[in-house]
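Subject: Structure handover

Hello,

Here is the structure I said I would pass on. Please look it over before reading my notes below it.

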Amino acid sequence: MIKIHISDELGKRRMTQKELAKATKIRPNTILELYHDLADKITFEQMNAICEAFDCQPGDLFEWVPGEQPCNKPLRRTAPKRPKLPEA
């Protein structure tokens, strides 16, 4: 499993998710998913932008942990579907 350490890097730099989103032009929701280690993919363009903003290497942001399985939990709950009303 790949672990994402963006939250650690933000903490070291005392930077907010919003500031990182603005500096990288990455959607705030994507930054949020990366921050909470919930993202299932990242583009090279996004990785490059984050490394540029942090002035770091990709290895500073990502760690491979052998034997661990990813836990793809949804970040937010989806609202229950509303029942259809009978037509008059």
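This is a predicted model: local features need pLDDT of at least 70, side-chain atom pairs count only at pLDDT 80 or more; totals for chains, interfaces and linings use all residues.

Residues are numbered from 1 along each chain as its sequence is written, and side-chain values use heavy atoms, with hydrogens and water left out.

The chain has five helices and two strands; these are DSSP runs, helices being H or I of at least four residues and strands E of at least two, numbered from the N terminus. Their order from the N terminus is β-α-α-α-α-α-β.

Of the 88 residues, 27% are buried, meaning under 20% relative accessible area with a 1.4 Å probe, protein chains only. Among contacts (heavy atoms within 4.5 Å) with a separation of 6 or more, 65% are between residues 24 or more positions apart.

Helix α2 (residues 17–24) and helix α4 (residues 44–54) have axes that come within 9 Å and cross at roughly 115°; axes are lines fitted to C-alpha atoms over the stretch in contact, with angles from 0 to 180 degrees between N-to-C directions. Helix α2 is therefore roughly perpendicular to α4, a term for angles of 65 to 115 degrees. On the α2 side the contact is made by L20, A23 and T24, and on the α4 side by A49, I50, A53 and F54.

Regards

Notes
Buried means under 20% relative accessible area, exposed over 50%, partly exposed in between (1.4 Å probe, protein chains only). Angles under 35 degrees count as roughly parallel, over 145 as roughly antiparallel, 65 to 115 as roughly perpendicular and the rest as oblique.
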